[in-house]
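Thanks for passing this one along. Here are some notes to read with the structure open beside you.

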Amino acid sequence: MIRDLTPLDVDQIIELGHIMSAETGFAGFRMHEPRARFILSEIVSADTVFAKGVFQGSKLVSVFIGEAADHPFMDVRFASDLFIYSHPDHRGGISMARLSKLFSSWAKDQGADYCKLEISARIDNDRAAKFFQRSGYADVLSL
């Protein structure tokens, strides 16, 4: 089931964050839980934040959090991801594709002139890039 995330889900988002961190190029860094908890509690209910999760029963297994904002220097509005992650046991299904489509639709409703998704976790960049391309995003830079 896909649903909006709320401050009540922050513990599960943090738990997924720990699992994600262990897989990434940032595995050697410690999560600053109090800061993460504060930020997540503030943003998941904000009007300019897209925050949805995939739940198996009551367990959060995938998350997509993004934002819409005006560019600080140009007269353009953009939507971008902040946090996209699926638990390793729940990858390869259609839920993340559904979240991506919901995000794109939400971004249009927010008046975004363009959307950008970044691949920065270094978990499986090739797989993520292919997923984003299948979801309609262009690869503009790969490192």
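**Charged pairs and nonpolar cores**

1. Counting side-chain pairs with nitrogen and carboxyl oxygen within 4 Å, you get six salt bridges. Keep in mind as you go that this is a predicted model.

2. Are the two partners buried or exposed? Arg3 is partly exposed, at 28% relative accessible area, whereas Asp9 has a relative accessibility of 4% and counts as buried.

3. Now look at Lys52 and Asp4, another salt bridge, with 2.3 Å between the closest N and O atoms. Lys52 sits in strand 2 (residues 49–56) and Asp4 in strand 1 (residues 2–4), so this pair ties together parts of the chain that are 48 residues apart in sequence. Lys52 counts as buried because its relative accessibility is 18%, and buried means under 20%. Asp4 is partly exposed, with a relative accessible area of 45%.

4. Which elements does the Lys59 and Glu15 pair link? The side chains meet in a salt bridge of 2.5 Å, N to O. Lys59 belongs to strand 3 (residues 59–70) and Glu15 to helix 1 (residues 10–23), so to speak a link between distant parts of the chain, 44 residues apart. Lys59 is partly exposed at 39% relative accessibility, and Glu15 is partly exposed at 39% as well.

5. On to the nonpolar side chains. The largest nonpolar core has 17 residues, and the members that touch the most others are Leu5, Ile13, Val63, Ile65 and Phe83. Which elements supply at least two residues each? They are helix 1, strand 2, strand 3 and strand 4 (77–86). Helix 1 gives the largest share of this core, with five residues.

6. Leaving out residues up to four places away in sequence, Ile13 touches Leu5, Leu40, Val44, Leu60, Ile65 and Phe83. Apart from this core lies another one, made of 12 residues, including Ala68, Phe103, Trp106 and Ala112.

How values were computed:
Residues are numbered from 1 along each chain as its sequence is written. This is a predicted model: local features need pLDDT of at least 70, side-chain atom pairs count only at pLDDT 80 or more; totals for chains, interfaces and linings use all residues. Side-chain values use heavy atoms; hydrogens and water are left out. Buried means under 20% relative accessible area, exposed over 50%, partly exposed in between (1.4 Å probe, protein chains only). Helices (H or I, at least four residues) and strands (E, at least two) are DSSP runs, numbered from the N terminus. A nonpolar core is a set of buried Ala, Val, Leu, Ile, Met, Phe, Trp, Tyr and Cys residues joined through side-chain atoms within 4.5 Å. Contact means heavy atoms within 4.5 Å.
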